[in-house]
Amino acid sequence: EGAKVYAACQGCHQANGAGVPGAFPPLARHVPAILAAPGGRAYLPLVVLGGLQGPIEVEGVAYNTPMPAFASLSDAQVAAVLNHVASSWGNAALLKDFKPYTAEEVRALRRPLTPQQVYAQRAKLGLK
Ligand code: HEM
């Protein structure tokens, strides 16, 4: 299921999770880094549901392309795609005590946020 939902992501983030430097950030290595940040776990569903717009830096490379919202995905689909990206491309080995997202967890976090508002949430994580 997660791999099927990821079909909607891979045009930008690529099948191997490496992204496109300067255009689309990688999810390989980077998703574990987000999960390791305080608040990172609750932030990831917001990105999928609300998109993201604002300048960021990942592994020393700058990005400032808007990511569209995927608010039409179900809670279960959001959980599945996040569990997919957390466990793919070597990411699982970088995670400590990762508990898979559940649909209930996503439902509790779901709210209408603009990509700019998600960016404001990101600022609280202490990521670059
Ligand atoms: C950012 C996941 C679809 C383009 C991100 C981030 C995550 C993510 C977790 C946050 C990185 C961070 O905060 O450091 C996903 C997933 C997708 C998806 C799971 C499918 C459901 C897409 C698509 C595009 C895209 C289709 C291109 C049209 C981007 C861009 C950023 C980003 C440009 C950085 C935005 C900025 O610089 O503010 N994505 N993404 N993503 N994504 Fe996606």
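I count two residues as in contact if their C-beta atoms, placed from the backbone, lie within 7 Å. I looked at contacts with a separation of 6 or more in the chain, and 71% of them join residues 24 or more positions apart.

I note that this is a predicted model: local features need pLDDT of at least 70, side-chain atom pairs count only at pLDDT 80 or more, and totals for chains, interfaces and linings use all residues. Residues are numbered from 1 along each chain as its sequence is written.

**Elements.** I found eight helices and two strands in the chain. These are DSSP runs, numbered from the N terminus: H or I of at least four residues for helices, E of at least two for strands. From the N terminus the order reads α-α-α-α-β-β-α-α-α-α.

**Serine 72.** I located serine 72 in the loop between β2 (61-63) and α5. Is serine 72 buried or exposed? Serine 72 is exposed, because 7 other C-beta atoms lie within 10 Å. The cut-offs, with C-beta atoms placed from the backbone, are 20 or more such neighbours for buried, 12 or fewer for exposed, and partly exposed in between. Of the 128 residues of the chain, 27% count as buried. Leucine 49 is 23 residues from serine 72 in sequence, and 7.8 Å away, C-alpha to C-alpha.
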